[in-house]
Amino acid sequence: MDCPFCGVTKLQILFGYFLLLFSGIPLALSQSTNPNPRTSVATSSANSGQINSNSVLVALLDSHYTELAELVEKAMLLHTLEETVGSHNITIFAPRNEALERDLDPEFKRFLLEPGNLKSLQTLLMFHIIPTRIGSKQLPGKTGSTSHETLSKDYLHLKNNGTGEWTVDSAKIIHPDVVTRPDGVIHGIERLLVPRAVVDDFNRRRSLVSITAVKPEGAPEVDPRTHRLKKPAPPAKPGSAPALPIYDALAPGPSLAPAPAPGPGGPHHHFNGERQVKDFIQTLLHYGGYNELADILVNLTSLATEMGRLVSEGYVLTVLAPNDEAMAKLTTDQLSEPGAPEQIIYYHLVPEYQTEESMYNAVRRFGKVRYDTLRLPHKVVAQEADGSVKFGHGDGSAYLFDPDIYTDGRISVQGIDGVLFPPEEEGEGEAKPVTGTVQPAKVVVKHRRGKLLEAACWMLVTFGQDSRFTSCH
């Protein structure tokens, strides 16, 4: 075989191979750009990046659900929904326009339309879309319910109430199958569906933590003795008691009151004293038998405010609450003087946190215990009596009748069966019984002088020497 001829033959074969290869490229490109007409419209829309005119998204934009369509455009979700339609059918629950115009809270709508809350708006809208086709025939039957995952990764619950009406998360489906297209279906619902995540974002946005202003600070203080700057007090641990006594906090001027003690809860990590005072007053009303005291605390707003301020600043209180029968025994003279109701209540407020167990253990161990009250300088005496705790003395005493009505760690309410008064206001102070017991003792000593001592003193009186002996006086 001739070699030159063999070389030419191989060159021709190689040239023909490349010719066939380059001629197949346009054919392949034409096949890729012209798909089979039997393929779905969703696949072509996904490859080309454009939706078909018969798509459910076009129907939504052209429907009478204009408010929802505007929100979808503002949330910039069209591209995401196009990709979703390109992969599978979808089901859209569309709220009516009135639900988004008049029924929606203006503050919440303003929150959704703010540029910084775009993520919340997208989550809200995707909560109305299920990546599965659910027509009216696929809705649950009588007394049935189903759950479906939405595009926001939350779940919607479809339910049939047995009368032919369907609900989606307690919102009625008023127009089922209002729009049906090959790639999806739209159901009209009566109101907007709000997921829990959006509600939490809205509440955090409204909270004082995110919108609080910077607290102004005064000029630094100079110690007049050392002419140096005063060092600030070290930070207190959460829940610790204030540095100053509670009576300094009762001063009329805010400059004398201590700084609030930090505590758990609240936007500023302080105790919410006003809420706790309202809670224990509400507890008295529900408990029954203490309506008179609750009415006084409600009407005396200054007293309730003072109690709430003390609790907010870290102080604790024990309220000795007289029941309605005891409050009914108060006369008009006792309540008619200016400031009398406040003084009565202040005498029933102990600046300690005491429970039935702690007070009973104290009186069992020490016999009598004197508790400070917010009515300076008077104290209330507690002692054991009949297996319980008795406050006061004499006719003005009161027993622990309803223990531990309210205990939350800051305020303790103990029900008693009488109204307490300081000793001098009762008319039988502690000093009078003492003098009454001392007088008989002097009489007894006088009768103990014998006959011999009487004769000696008589002789000394006769000679004028009785002044030297005190026993003869």
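This is a predicted model: local features need pLDDT of at least 70, side-chain atom pairs count only at pLDDT 80 or more; totals for chains, interfaces and linings use all residues.

Student: What sheet are they in, and what's the strand order?
Tutor: They belong to an open sheet of 7 strands, ordered β2-β1-β7-β6-β5-β4-β3. The pairing in this sheet is mixed.

Student: Which ones are the edge strands?
Tutor: β2 (129-130) and β3. Each of them pairs on one side only.

Student: What holds strands of a sheet together in general?
Tutor: Strands of a sheet pair through backbone hydrogen bonds, and the pairing can be parallel or antiparallel.

Student: Back to β3. In which sense does it pair with β4?
Tutor: In the antiparallel sense, over 5 bridges. Strand β3 covers residues 145-149 and strand β4 covers residues 155-160. Within that pair, Thr 146 stands opposite Leu 158 in β4.

Student: How many residues sit between the strands of that hairpin?
Tutor: 5 residues lie between β3 and β4. In this hairpin, Lys 153 takes a positive phi near 70 degrees.

Student: OK, zooming out. How many helices and strands does the protein chain have?
Tutor: The chain has 21 helices and 16 strands. It has 473 residues, and 35% of them are buried.

Student: What share of the contacts links residues 24 or more positions apart?
Tutor: 62%, counting the contacts with a separation of 6 or more.

Student: Which residues make the nonpolar patch?
Tutor: Trp 458, Met 459 and Phe 463 make a nonpolar surface patch of about 440 Å². Met 459 sits in helix α21, which runs over residues 451-463. With a relative accessible area of 47%, Met 459 is partly exposed.

Student: Changing topic: how many salt bridges does the structure hold?
Tutor: It holds 10 salt bridges. One of them joins the side chains of Glu 313 and Arg 309, at 3.0 Å from N to O.

Student: Is Glu 313 buried or exposed?
Tutor: Glu 313 counts as buried, because its relative accessibility is 9% and the cut-off for buried is under 20%.

Student: Which residue does Arg 364 form a salt bridge with?
Tutor: Glu 384, with the closest N and O atoms 3.7 Å apart. Arg 364 is in helix α18 (residues 356-366) and Glu 384 is in strand β13 (residues 379-385), so this pair ties together parts 20 residues apart in sequence. Glu 384 is partly exposed, with a relative accessible area of 36%.

Student: And which residue meets Lys 379?
Tutor: The side chain of Asp 372 meets Lys 379 in a salt bridge of 3.6 Å, N to O. Lys 379 is partly exposed at 41% relative accessibility, and Asp 372 is partly exposed at 27%.

Student: Which residues are joined into a network by salt bridges that share partners?
Tutor: Arg 96, Glu 98 and Asp 103 are joined into one network that way.

Note on methods: Residues are numbered from 1 along each chain as its sequence is written. Side-chain values use heavy atoms; hydrogens and water are left out. Helices (H or I, at least four residues) and strands (E, at least two) are DSSP runs, numbered from the N terminus. Buried means under 20% relative accessible area, exposed over 50%, partly exposed in between (1.4 Å probe, protein chains only). Contact means heavy atoms within 4.5 Å. Patches are made of residues with over 30% relative accessible area and no salt bridge: like charges are joined within 9 Å, nonpolar side chains (Val, Leu, Ile, Met, Phe, Trp, Tyr) within 5 Å. Accessible areas come from the Shrake-Rupley method with a 1.4 Å probe; for residues, only the protein chains shown count as cover. A salt bridge is a side-chain nitrogen of Lys or Arg within 4 Å of a carboxyl oxygen of Asp or Glu. Two strands pair if DSSP finds at least two bridges between them.
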